[in-house]
Amino acid sequence: MKTDLSPRMKVALYGLMCVLLIPFVFPTWWMVTSSVKPISDIFAFPPDLWPRRFDFSTYAQVFELQPFARQYWNSAYIAALVTAGTMLISSMAGYAFARIKFPFSNAIFMVVLLGLLIPSEVTIVPLFQMFLKWGMINTHWPLILVPIFGAPSVFATFVMRQFFIALPVELEEAARVDGLGRFKIFWTIALPLAKPALGAVAIFTFLHSWNLYLEPIVFLSSTQMFTLPQALTQFTDAYGGAMWNIQLAAATMTAIPVLLVFIVAQKQFVEGLAHTGLKG
Amino acid sequence: MAPVTLKSVRKAYGDAKVLHGVDIAIADGEFIVLVGPSGCGKSTLLRMIAGLEVITDGAVEIGGRVVNDLEPKDRDIAMVFQNYALYPHMTVATNMGFSLEHRGASKAEIAERVKWAAEILGLVPLLDRYPRQLSGGQRQRVAMGRAIVRNPQVFLFDEPLSNLDAKLRVVMRGEIKGLHQRLGVTTVYVTHDQVEAMTMADRIVVMNAGRVEQIGAPLDLYDRPANLFVAGFIGSPAMNLIGGEITEQGFVAAGVTLPLPSGTAARGKATYGIRPEHLILADDGVPATVTLVEPMGSETQVTMTLGEHRIIGVFRERLSARPGEIIHVRPDLAAIHLFDTETGARIG
């Protein structure tokens with residue numbers, strides 16, 4: 001929608017937007033600038049918006065104090081697998097709930113949705129016992145399997161189901177007349193058309209896995225196996241005090257993929273939310 | 001090409017009966033139009049021929065083979081949907097060749113068939129475009145191209161013109177008819193528009209409330225409707241239907257007596273039917289009060305009150321009558337229809 005605003009209104013609007021921007025931009029700005037400040041400058045009062053001295057050695061120290069590259073890889077491949085697995089499972093489940101008539105489908109969908117209401121803190125102990133029994137403690141399997149079959153996937157299934165319900169049924173009927181079976185209809189017609197919803201699911205899922213904190217600290221015990229959120233808490237001195245500048249340097253590097261994903265997929269993300277009728 | 005036969009076809013959704021036993025024999029190469037008001041079951045019947053709806057009872061035969069339990073892909077039919085159902089993520093060429101691709105045709109064969117269909121329908125310059133880049137008429141042509149490309153035995157059209165504007169509808173009507181004349185494939189076409197039905201069909205099947213009311217050539221239905229429903233449905237403006245009684249003096253209705261053809265044997269309560277264009281302006285006719293005059297250019301449509309009945313007349317003459325004036329009209333005795341008021345069946 002195009003609106004014609006007077007110049008005065010425009011100035012007022014942009015001014016208001018700039019003020020509203022502060023709470024969103026300031027923490028990131030503070031994180032990035034503090035990562036190159038000596039530790040004594042970080043809590044200087046009044047705070048410096050621009051560093052007085054630059055100290056880039058913090059970035060090198062991140063890799064010296066911990067196997068950070070390995071931890072980065074751990075987070076990256078776990079998030080990638082979780083994202084791919086969730087997209088596959090949720091799209092198939094969402095399609096089945098939207099399109100295939102089977103007994104008690106609505107009741108089963110409700111039961112599946114109930115999974116969203118159970119906090120992860122409630123299930124973490126039983127899950128620990130289960131994975132302990134399966135010999136999977138201090139492996140990445142729990143961090144891959146729990147999100148794929150747990151709450152993030154349930155939410156993704158809901159998003160996909162809403163999308164497939166809105167897809168014109170005539171497209172599938174045309175495909176049936178054209179000679180396609182159920183799976184091929186899903187794979188060659190429904191799924192390619194679900195790109196906006198899949199994009200939204202991919203972003204949600206990737207972020208959820210990338211930011212996962214509770215599960216790694218329960219299931220993982222060796223630094224080599226750590227993921228990034230867990231690793232960030234380990235940048236401490238001999239007395240347990242936080243090494244702020246190094247920690248913030250690590251946090252800056254941790255935030256880069258998230259920012260990249262948002263910048264690249266912003267349009268897809270918004271379209272996906274619009275298609276699924278969900279609000280951010 | 002193949003004949004299509006429907007034998008006592010029934011459809012029910014639980015306790016709700018939608019089709020109550022439909023029998024239609026469609027000849028090889030025939031263009032049949034299923035027409036009727038919304039909810040009469042015509043689209044359901046078409047979808048049952050396509051295999052998109054389960055047949056509750058009865059048999060559907062295509063080419064002499066019962067296809068009740070066959071998947072749509074195995075029935076050798078092609079269908080054009082109301083909203084075209086083109087795959088949005090595929091180009092025109094891919095849309096058209098998609099069914100052949102999934103039936104194992106070679107790339108060369110697909111390209112050849114797509115080119116053939118595109119040439120017939122004037123789609124060659126559009127082959128690399130996506131459906132969103134096409135106008136309504138172009139999309140409609142692509143949907144037809146997708147149907148003809150694999151040379152099916154039967155074409156099924158489900159209200160394919162209802163999303164187009166009036167002018168384009170007339171053009172596309174001609175194109176579909178022309179396509180049928182060129183290819184000669186058995187065609188079943190569903191519409192609620194009786195003008196489409198009249199202009200396109202070899203035979204029309206008039207349906208109402210899940211039953212076939214009459215099957216026949218368009219002009220047969222127009223000239224000799226089998227019952228009140230068909231009489232009222234076929235023709236625009238609709239036939240004037242006046243309730244009354246057949247007596248020796250003529251047809252006595254509320255406030256007016258209308259002439260009957262000599263030799264009308266029936267007596268008693270009946271419905272008198274006369275098409276608007278079969279009313280003649282005549283000084284010795286029955287007086288009617290004009291309520292509305294609509295000049296159409298080639299003819300004049302006049303709404304009037306005859307006795308206590310509101311009727312419509314269509315005259316070739318350019319009438320200068322104004323609302324409230326009296327004109328005299330005489331029914332063409334050779335074109336009068338009489339129906340049993342109770343059963344609705346034609347009696348004369």
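## Basis of the model

The model is predicted, so that local features need pLDDT of at least 70 and side-chain atom pairs count only at pLDDT 80 or more, while totals for chains, interfaces and linings use all residues. Residues are numbered from 1 along each chain as its sequence is written, and chains are lettered from A and ligands numbered from 1 in the order in which they are written.

## Overall architecture of chain B

Chain B contains eight helices and 19 strands, where helices (H or I, at least four residues) and strands (E, at least two) are DSSP runs numbered from the N terminus. Taken along the principal axes, the C-alpha atoms of chain B fill a box of roughly 75 × 45 × 35 Å. Of its 348 residues, 40% count as buried; a residue is buried if 20 or more other C-beta atoms, placed from the backbone, lie within 10 Å of its own. Among contacts in chain B between residues at least 6 apart in sequence, 65% join residues at least 24 apart, a contact being a pair whose C-beta atoms, placed from the backbone, lie within 7 Å.

## Two domains

Chain B is divided into domain 1 (4-233) and domain 2 (240-339), with bounds that come from an automatic or database domain assignment. The C-alpha centres of domain 1 and domain 2 of chain B lie 39 Å apart, and the contact takes five residues from each of these domains of chain B. On the side of domain 1 of chain B that touches domain 2 of chain B there are three nonpolar, two polar and no charged residues; here Ala, Val, Leu, Ile, Met, Phe, Trp, Tyr, Cys and Pro count as nonpolar, Asp, Glu, Lys and Arg as charged, and the others, Gly among them, as polar.

An open sheet of four strands in chain B has the order E2-E1-E4-E5 with antiparallel pairing, two strands being paired if DSSP finds at least two bridges between them. Its edge strands, E2 (16-26) and E5 (65-66) of chain B, each pair on one side only. Helix H1 (residues 42-50) of chain B packs on the sheet, touching E1, E2 and E4 of chain B, and its direction makes about 115 degrees with that of E1(B); axes are lines fitted to C-alpha atoms, for helices over the stretch in contact, and angles run from 0 to 180 degrees between N-to-C directions.

E1(B) and E2(B) pair in the antiparallel sense over eight bridges, and Ala12(B) has Lys17(B) in E2(B) as its bridge partner. Their hairpin has two residues between the strands, and in it Gly14(B) takes a positive phi near 65 degrees. Strand E1 (residues 4-13) also pairs with strand E4 (residues 57-62) of chain B, in the antiparallel sense over five bridges, and Lys7(B) stands opposite Ala59(B) in E4(B).

## The nonpolar core

The largest nonpolar core has 148 residues, and those with the most contacts inside it are Leu34(B), Leu156(B) and Val188(B); such a core is a set of buried Ala, Val, Leu, Ile, Met, Phe, Trp, Tyr and Cys residues joined through C-beta atoms within 7 Å. Its largest share, 10 residues, comes from helix H4 (residues 68-99) of chain A. Because domain 1 (4-233) and domain 2 (240-339) of chain B both give residues to this core, it lies between them. Not counting residues up to four places away in sequence, Val188(B) touches residues including Val4(B), Ile26(B), Leu46(B) and Val154(B).

## Contact with chain A

In the contact between the chains, 17 residues of chain B meet 13 residues of chain A. Strand E6 (77-80) and helix H2 (92-101) of chain B each supply at least two residues of the side of chain B that touches chain A, and the largest share of that side, three residues, comes from E6(B). By class, the residues of this side of chain B divide into 11 nonpolar, four polar and two charged.

Key
Two residues are in contact if their C-beta atoms, placed from the backbone, lie within 7 Å. A residue is buried if 20 or more other C-beta atoms lie within 10 Å of its own, exposed if 12 or fewer, and partly exposed in between; C-beta atoms are placed from the backbone.
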